[in-house]
Amino acid sequence: MGYKDSVYGESSLYAFFKTAFVPALRPAFIKCVSSIVFNFFLRQWHLAFLGRLGRGVPVSDVDHPLDGKIPFAPSWVAVYMDFSNFWIRMAAFFLRRFGRLAHAPVADFLLSTGRLYAFAARTYRRNLSTTARPFYIARPRFFLIHLLDPHLMCIPSLHIMVAINSYASFAAIARALGQEENLARQIIEVRQGAMSISRSILFVKQHSVNCIAASLYAMHCFDPALFPEGEAEAFLAELFAPPPPPDKNLTIPADCKTHPSVSPDTELASDVQAEITGHILSLYRRFLAQRPAAGPWEEPLVSFMKPLRR
């Protein structure tokens with residue numbers, strides 16, 4: 001296959017210039033970028049500064065003993081750091097293939113990504129969260145992570161929420177354009193890519209297994225039609241599974257990859273996988289059961305973090 005028909009063959013720079021300078025896309029681009037900068041970078045650094053002054057939002061340590069059973073695998077940092085390019089390449093894929101027909105759905109996708117950051121920030125405003133991560137800067141990407149990320153927004157994980165929103169939106173856009181059958185292989189490809197990114201947060205020790213449960217819950221609350229409970233549980237069930245075999249009916253070639261940067265393919269013992277997925281599923285269902293019928297969706301997450309505050 002190479003990357004000729006792959007979403008991974010798209011250029012993030014192409015999507016950037018296209019969305020920034022095409023009038024039909026520019027307003028969505030500006031809103032999306034503004035929300036990301038404000039709700040993640042500026043908000044996190046502001047809260048981190050106030051915390052140092054003793055006037056900040058409470059911070060909770062959200063690690064779980066199961067995190068100790070997951071090895072630290074620095075090679076996965078390339079996957080972890082690629083999550084921004086992951087969703088940007090999807091916009092490029094549709095814009096390059098379908099031109100003006102893709103303008104409206106891509107603009108909606110950009111707006112939803114921006115809203116996602118604001119949505120997750122409703123939890124961060126009330127309770128920050130962190131995990132124990134090794135101070136490892138032997139690779140430049142890790143140095144950049146430690147330099148730019150105060151590591152205070154773990155629950156819910158925007159890495160996972162953005163990855164899920166991206167693959168689910170990709171499938172939705174394909175359906176809206178009447179291309180679901182023609183893009184069946186790419187839909188599988190981006191879903192597997194979202195799983196790789198979700199695994200990477202554990203292998204580079206940027207998040208806890210608790211963060212995955214919180215992110216699945218938060219993503220369902222954000223858009224239950226796009227990410228229903230059944231899909232959330234299916235996503236979790238396949239999180240550590242190998243990629244699907246080539247399917248002749250879908251013309252998926254044998255070299256279709258879960259993610260071009262996944263190397264080495266870190267394996268967890270089957271009993272450890274079962275423990276982790278069982279815990280995440282139980283906690284995810286607990287959050288769903290505790291969601292108030294009327295009131296802030298983030299309440300179960302804040303209640304979970306209260307006993308873990310420093």
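Predicted model: local features only at pLDDT ≥ 70, side-chain atom pairs only at ≥ 80, totals over all residues.

## Helix H9

Helix H9 covers residues 209–222, which makes 14 residues, and from its first C-alpha to its last it reaches 20 Å, close to the 20 Å expected at 1.5 Å a residue. How many of the residues of H9 are buried? The number is 14 of 14, and the helix is accordingly described as mostly covered.

A contact is found at the start of H9, where a side-chain oxygen of serine 208 comes to within 3.1 Å of the backbone nitrogen of asparagine 210.

## A nonpolar surface patch

Val33, Val37, Phe38, Phe41, Leu42 and Trp45 form a nonpolar patch on the surface, and together these residues have about 530 Å² of accessible area. Phenylalanine 38, one of the members of this patch, lies in helix H2, which is made of residues 26–52. The relative accessible area of phenylalanine 38 is 45%, so this residue counts as partly exposed; membership of a patch requires over 30% relative accessible area and no salt bridge.

## Glutamine 273 in helix H11

Glutamine 273 is placed in helix H11, residues 270–290, and counts as buried because its relative accessibility is 19%, where buried means under 20%. Between glutamine 273 and alanine 237 there are 36 residues of separation in sequence, while the C-alpha to C-alpha distance in space is 9.9 Å.

## Salt bridges across the chain

Side chains of opposite charge can pair when their charged atoms come close. A search of the whole structure finds 11 salt bridges, among them one in which the side chains of glutamate 10 and arginine 96 meet at 2.9 Å, N to O. Glutamate 10 lies in the segment before helix H1 (12–21) and arginine 96 in helix H4 (residues 83–98), so this pair ties together parts that are 86 residues apart in sequence. Glutamate 10 is buried, with a relative accessible area of 14%, whereas arginine 96 is partly exposed, with a relative accessible area of 45%.

Glutamate 275 forms a salt bridge with lysine 69, and the closest N and O atoms of this pair are 2.7 Å apart. Distant parts of the chain are linked here, since glutamate 275 is in helix H11 and lysine 69 is in the loop between strand S1 (59–61) and helix H3 (77–81), 206 residues apart. Glutamate 275 counts as partly exposed, at 36% relative accessibility, and lysine 69 is also partly exposed, with a relative accessible area of 42%.

## A network of salt bridges

Glutamate 299 and arginine 126 form a salt bridge in which the closest N and O atoms are 3.0 Å apart. This pair, too, links distant parts of the chain: glutamate 299 belongs to helix H12 (residues 299–305), arginine 126 belongs to the loop between helix H5 (103–124) and strand S2 (128–130), and the two are 173 residues apart.

Terms used:
Residues numbered from 1 in each chain as written. Heavy atoms only, no water. Patch = residues over 30% accessible without salt bridge, like charges linked within 9 Å, V, L, I, M, F, W, Y side chains within 5 Å. Areas by Shrake-Rupley, 256 points an atom, 1.4 Å probe, with all protein chains shown as cover. Salt bridge = Lys/Arg side-chain N within 4 Å of Asp/Glu carboxyl O. Helix = DSSP H or I, 4+ residues; strand = E, 2+ residues; numbered from the N terminus. Buried < 20%, exposed > 50% of the residue type's maximum accessible area, 1.4 Å probe, protein only. Expected span 1.5 Å × (residues − 1). Polar contact = N/O pair within 3.5 Å; in protein donor to acceptor, adjacent residues only side chain to side chain.
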